[in-house]
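Please read it with the structure open beside you.

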Amino acid sequence: MWYFVNFILGAILGSFLNVIIYRSVEGLSINNPPRSFCPNCKTTLKWYDNIPILSYIILRGRCRYCHQRIPIRYLLVELVMAFGFLIHSLFFIWQVNLILNAILFVTIAVIFIDLKIMMIPDFAWIIIGVVSIVDLILNGELFLRLISFVVVLSILLILKAIYKEGMGSGDIFLMSVFSFLLSLPFAFYMMILSSVLGIFFAYLRKSKVIPFGPFISLSGYFLYILDILIMVKYY
Ligand SMILES: [Zn+2]
C-alpha cells in the first residue's frame with residue numbers, strides 16, 4: 001500500500017511539476033490561471049485530460065482539441081517522479097523516503113528550468129533548506145553542518161568575486177543549503193562533482209555560461225543516497 005501511495009504521489013507531483021516548469025520557463029504566474037490549458041489552442045483542460053501518465057498515453061501525446069503534439073517531457077517527468085518515489089519507498093525507511101522524494105522533485109525542476117532559462121527558482125533552495133532542517137532533527141551534527149555550510153559558502157563567495165559571470169546567486173544558494181544537508185565530507189564531494197560535470201557540459205555545448213543548478217542537484221541527490229548507504233544513518 002505504502003509503495004502504491006508513493007507511486008501515485010510521484011505521478012501527481014510530476015504532473016504538478018510539469019505545470020511549474022512550463023509556467024516558470026514562459027514567465028507565467030504559477031496559480032493564475034488556476035486551471036491547466038493547452039499551450040497551443042489555449043483550451044482549458046478537463047480533469048480527464050490531466051490524469052498523470054494515463055492521459056498522455058490515451059491521447060497518444062496529442063492535445064484532445066487541436067491535436068498539437070504534447071512534448072514527451074510531460075510523460076517523462078511523470079514517469080521519473082512516479083518510479084523514483086516508488087524506488088525510494090522500496091529501499092529506504094520512510095523518513096529517508098520522504099527526504100529523497102523532495103530532493104528528486106527539486107532536481108527535476110532545476111534540470112528543466114535552469115537549462116532553459118539559466119535561472120534557479122527560489123522554491124528549489126527553500127525546499128532543500130527545509131529538508132536539511134528535517135535531516136538535522138533526525139541525525140544531529142549541527143556543528144559539523146555549520147562548518148560545512150560556512151566553508152562552502154565562503155569558497156563560493158570568493159569564486160564569485162573573482163569570476164563575476166561564473167556563478168549566479170541561485171547556484172550559490174542551492175549549493176550552500178546542500179552543503180548544510182550533506183555535511184562534511186560529502187559537501188566537498190558535491191562541490192567537486194558538480195563543478196566537473198558543469199564544466200564538462202559547458203565544454204560539450206561549447207557555451208561560456210554554465211548552468212550549474214542541474215549538476216548541483218544531481219550530485220546532491222546521489223551523494224545523499226551514498227551518504228545514507230555508507231554511513232548507515234538512521235539505524
Ligand atoms: Zn490544444
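**Notes on the predicted model**

1. Of the 235 residues in the protein chain, 44% are buried. Please keep in mind throughout that this is a predicted model, and that the values below are computed from it.

2. The protein chain has 9 helices and 0 strands, so that, read from the N terminus, its elements run α-α-α-α-α-α-α-α-α. The radius of gyration of the protein chain is 19 Å, close to the 18 Å that the globule rule gives for 235 residues, and the chain is therefore as compact as a globular protein of that length. Along the principal axes, the C-alpha trace of the protein chain spans about 55 × 45 × 30 Å. Among the contacts in the protein chain with a separation of 6 or more, 64% are made by residues 24 or more positions apart.

3. How do helices H4 and H9 pack, and at what angle? Helix H4 (residues 94-117) and helix H9 (residues 213-231) pack at about 160 degrees, with their axes 7 Å apart. Because angles over 145 degrees count as roughly antiparallel, H4 is roughly antiparallel to H9. The crossing of H4 and H9 is left-handed.

4. The residues that H4 brings to this contact are Val96, Ile99, Leu100, Ile103, Leu104, Thr107, Val110, Ile111, Asp114 and Leu115, and they meet Gly213, Pro214, Ser217, Leu218, Tyr221, Tyr224, Ile225 and Ile228 in H9. Sorted by class, the contact of H4 with H9 has 14 nonpolar, 3 polar and 1 charged residues.

5. Asn101 also deserves a look, since this residue of helix H4 is buried, with a relative accessible area of 4%. Leaving aside residues up to four places away in sequence, Asn101 touches Asn6, Phe85 and His88.

6. A second pair to inspect is helix H6 (residues 142-162) and H8, which pack at an angle of about 25 degrees with their axes 10 Å apart. That angle makes H6 roughly parallel to H8, and the crossing of H6 and H8 is right-handed. In this contact, Ser148, Val151, Val152, Ile155 and Leu156 in H6 meet Ala187, Phe188 and Met191 in H8, and by class the contact of H6 with H8 has 7 nonpolar, 1 polar and no charged residues.

7. The peptide bond from Leu184 to Pro185 is cis, with omega near 0 degrees. Ser183, placed in the loop between H7 and H8, has a positive phi of about 60 degrees although it is not a glycine. Most residues other than glycine have a negative phi, and most peptide bonds are trans. Is Ser183 buried or exposed? Ser183 is buried, with a relative accessible area of 2%.

8. His67 likewise calls for a comment, as it has a positive phi of about 65 degrees although it is not a glycine. The place of His67 is in the loop between helix H2 (54-58) and helix H3 (73-91). His67 is exposed, with a relative accessible area of 52%, whereas Ser183 is buried.

Note on methods
Residues are numbered from 1 along each chain as its sequence is written. This is a predicted model: local features need pLDDT of at least 70, side-chain atom pairs count only at pLDDT 80 or more; totals for chains, interfaces and linings use all residues. Side-chain values use heavy atoms; hydrogens and water are left out. Axes are lines fitted to C-alpha atoms, for helices over the stretch in contact, and angles run from 0 to 180 degrees between N-to-C directions. Helices (H or I, at least four residues) and strands (E, at least two) are DSSP runs, numbered from the N terminus. Angles under 35 degrees count as roughly parallel, over 145 as roughly antiparallel, 65 to 115 as roughly perpendicular and the rest as oblique. A crossing is left-handed if the near helix is turned anticlockwise from the far one by less than a right angle, and right-handed if clockwise. Contact means heavy atoms within 4.5 Å. Ala, Val, Leu, Ile, Met, Phe, Trp, Tyr, Cys and Pro count as nonpolar, Asp, Glu, Lys and Arg as charged, and the others, Gly among them, as polar. Buried means under 20% relative accessible area, exposed over 50%, partly exposed in between (1.4 Å probe, protein chains only). The radius of gyration is taken over C-alpha atoms; the globule rule is 2.2 Å times the number of residues to the power 0.38.
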